[in-house]
Amino acid sequence: PQITKDYAAGELTRMHHLMFKSTKLSYFMFLTMCLPFFLETRTALTIWLGECPEYTISFARLTFILALSQMLSNTLITAQLATGNIRNYQIVVGGAQMLNFPLSWIVLKAGAPAYSILIVAIAISQLCLFLRIGFLRTMIQLPARAFLKDVYLKVVLVSILSLPIPTALYLIMPESIMRFIIVSAVSVIVTISVSYKLGCDSAEKSFVK
């Protein structure tokens, strides 16, 4: 609501600031929650289902990645809808999203495994993200370079640096409920720490405090 209100009031600089902050913090929060289950997918699914059907782990992990990818577009979509100028945007971005079906059919027809449709969806999600950025450069004067530097590169960096320590524990320890608990706890602590130290600027750190 604040993003829409700022656009209506012509406060584009504040609107951009809210978009940047909202995108990063929502991504970091979701990453904190999903990374333990990304690593311990088998254990979590075994607790839930008792037995993991074929491809379930791959589907679950790729779904987490897809959700994180789409998280980056949420505030961009809000900002675009606030303008009310949706025709060209929907034709291009909506058209790109519709590629999911024919491309998925092609890769499956070529003999790729069933979970490959999620890899296609992730790639198209990233394509749509950059298309949205391109449109918003004109529609709301979005500073695209700043978005890529201060948001996109930071969330990628945080995602990469949050992985090594919990992944090492996951690989070293034998599969058990205790490993699930330890890996999850360490993952949450590491992700929060990295997000705060490297993902947030001084103003955002003050906001979090």
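In which hand does α3 pass α11? This question is taken up in the first view below.

The model is predicted, so local features are described where pLDDT is at least 70 and side-chain atom pairs are counted at pLDDT 80 or more, whereas totals for chains, interfaces and linings use all residues. Residues are numbered from 1 along each chain as its sequence is written, and side-chain values use heavy atoms, with hydrogens and water left out.

**View 1. Helix α3 against helix α11.**
Helix α3 passes α11 in a left-handed crossing, a term that applies if the near helix is turned anticlockwise from the far one by less than a right angle, with right-handed used if the turn is clockwise. The two axes come within 10 Å and cross at roughly 125°, where axes are lines fitted to C-alpha atoms, for helices over the stretch in contact, and angles run from 0 to 180 degrees between N-to-C directions. The pair α3 and α11 is therefore oblique, given that angles under 35 degrees count as roughly parallel, over 145 as roughly antiparallel, 65 to 115 as roughly perpendicular and the rest as oblique. Thr 43, Ala 44 and Ile 47 of α3 meet Ile 177, Arg 179 and Phe 180 of α11, contact being defined as heavy atoms within 4.5 Å. Helices here are DSSP runs (H or I, at least four residues), numbered from the N terminus.

Helix α3 spans residues 41-49, and its buried residues are Thr 41, Thr 43, Ala 44 and Leu 45, where buried means under 20% relative accessible area, exposed over 50% and partly exposed in between (1.4 Å probe, protein chains only). The elements that cover these buried residues include α2, α4 and α11. Just after α3, Gly 50 takes a positive phi of about 90°.

The axes of α2 and α11 come within 8 Å and cross at roughly 155°, which makes α2 roughly antiparallel to α11. The crossing of this pair is right-handed, and its contact residues include Lys 24, Phe 28, Leu 31 and Leu 35 of α2, together with Val 183, Ser 187, Thr 191 and Ser 195 of α11. Phe 28 is found in α2, which covers residues 12-39, and it is buried, with a relative accessible area of 5%. Leaving aside neighbours within four places in sequence, Phe 28 is in contact with Val 155, Val 158, Thr 191, Ser 195, Gly 199 and Cys 200. The C-alpha atoms of Phe 28 and Ser 159 are separated by 8.6 Å, although these residues are 131 residues apart along the chain.

A nonpolar core is a set of buried Ala, Val, Leu, Ile, Met, Phe, Trp, Tyr and Cys residues joined through side-chain atoms within 4.5 Å. The largest such core has 30 residues, of which Met 19, Tyr 27, Leu 76, Ile 140 and Leu 142 touch the most other members. At least two residues of this core come from each of α2, α4 (56-71), α5 (74-83), α8 (116-139), α9 (144-161) and α11 (177-199), and the largest share, nine residues, comes from α2. Apart from this core lies another, of six residues, among them Tyr 89, Ala 96, Ile 124 and Cys 128. Tyr 27 is in contact with Leu 68, Met 71, Leu 72, Val 155 and Ser 159, when neighbours within four places in sequence are left aside.

With a disulfide taken as a pair of cysteine sulfur atoms within 2.5 Å, the count comes to zero. Cys 34 is in no disulfide, and the nearest cysteine sulfur, that of Cys 200, is 17 Å away; Cys 34 is buried, with a relative accessible area of 4%. The sulfur of Cys 52 is 18 Å from the closest cysteine sulfur, in Cys 34, which is too far for a bond, and Cys 52 counts as partly exposed at 21% relative accessibility.

**View 2. Gln 141 in the loop between α8 and α9.**
Gln 141 lies in the loop between α8 and α9 and has a positive phi of about 55° although it is not a glycine. This residue, Gln 141, is partly exposed, with a relative accessible area of 47%.
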